[in-house]
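Here is a walk through the charged pairs and the nonpolar packing of one protein model. Have the sequence and the 3D view open as you read.

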Amino acid sequence: MLVAAPAFAQSGPRPAFDEGYIDFLFSPTRPGASAPSGPPAHRRENADRSTRQRIAYQSNEAAGTILIDTAARRLYLIESNGFAQSYQVGVGKEGYGWHGSERISAKREWPDWRPPADMLARRPDLPRHMVGGPDNPLGARALYLGDTLYRIHGSNEPETVGTAASSGCFRMTNTDVIDLYSRVGIGARVRVF
């Protein structure tokens, strides 16, 4: 049985960002390339789409464990009795992916973004800090993976969900990451394969 995703109200003021500037963040464009002056129509229409499905999924993992299948570009939240919530995710582009196990060490709503040093070395034009909000590359929610620089997070680029375009993090639509965020707690195990 499929269950509709809950509706969430946004609280607080919305930060103002130049959407054209934000378009290139985390994207596979070359540095200095000019971005379009606004979000494409397909981005506005699909920004809050849900990819979540409740599926039969046999696993030896405990309920509450998150499994990320990078080849299938799917995230599975294990439930009891042979079921899982399944979501589409964007994964790291070639040379930026990783595999292993971590635990959720922190959760943030509308997180701030600070590009790591290696990303700034590749892209010195990036801001050093960006406050959270709907145009922030981390999207509506972020789940931090241990002490790593990796996160499961929302995205202001929903067209990249389901692709290999990130610098190693796992991107979800904002609707999906809000749903996942409400279902998992700090300490939940995450296994990436």
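Arg52, Asp179 and Arg183 are linked in a network of salt bridges. A salt bridge here is a side-chain nitrogen of Lys or Arg within 4 Å of a carboxyl oxygen of Asp or Glu. Searching the whole structure turns up nine of them. As a general point, side chains of opposite charge can pair when their charged atoms come close.

Before going further, some ground rules: this is a predicted model, where local features need pLDDT of at least 70 and side-chain atom pairs count only at pLDDT 80 or more, while totals for chains, interfaces and linings use all residues. Residues are numbered from 1 along each chain as its sequence is written, and side-chain values use heavy atoms, with hydrogens and water left out.

**Salt bridges as pairs**

| Pair | Distance, N to O |
|---|---|
| Arg191 and Glu61 | 3.0 Å |
| Glu109 and Arg141 | 4.0 Å |
| Asp118 and Arg122 | 3.7 Å |

What does the salt bridge between Arg191 and Glu61 tie together? Arg191 lies in strand β11 and Glu61 in the loop between β1 (53-56) and β2, so the pair ties together parts that are 130 residues apart in sequence. (Helices, H or I with at least four residues, and strands, E with at least two, are DSSP runs numbered from the N terminus.) Arg191 is partly exposed, at 26% relative accessible area, and Glu61 is buried, at 19%. For those labels, buried means under 20% relative accessible area, exposed means over 50%, and partly exposed is in between, using a 1.4 Å probe and protein chains only.

Glu109 is partly exposed at 48% relative accessible area, whereas Arg141 is buried at 8%.

With Asp118 and Arg122, the setting is a helix: they are four residues apart in α3 (residues 117-122), separated by about one helical turn. Both ends are partly exposed, Asp118 with a relative accessible area of 45% and Arg122 with 31%.

**The nonpolar cores**

Now for the greasy part. A nonpolar core is a set of buried Ala, Val, Leu, Ile, Met, Phe, Trp, Tyr and Cys residues joined through side-chain atoms within 4.5 Å. The largest one has 21 residues, and those with the most contacts inside it are Ile66, Ile68, Leu75, Ile152 and Leu180. At least two residues of this core come from each of β2 (66-69), β3 (74-78), β7 (141-145), α4 (174-183) and β11 (189-192). Helix α4 gives the largest share, three residues.

Which residues does Leu180 touch, leaving aside its neighbours within four places in sequence? Leu180 is in contact (heavy atoms within 4.5 Å) with Ile66, Leu75, Leu77, Tyr87, Leu143, Ile152 and Met172. There is also a second, separate core of nine residues, including Ala106, Trp113, Met130 and Leu138.

Asn174 is in helix α4 and is buried, at 9% relative accessibility. The Asn174 side chain reaches the backbone nitrogen of Ala140 at 2.9 Å.

Asp135 is found in the loop between α3 and β7 and counts as buried at 15% relative accessibility. Its C-alpha atom is separated by 9.8 Å from that of Trp110, 25 residues away along the chain.

How values were computed
A polar contact is a pair of N or O atoms within 3.5 Å; within protein, one must be able to donate a hydrogen and the other to accept it, and residues adjacent in sequence count only if both atoms are side-chain atoms.
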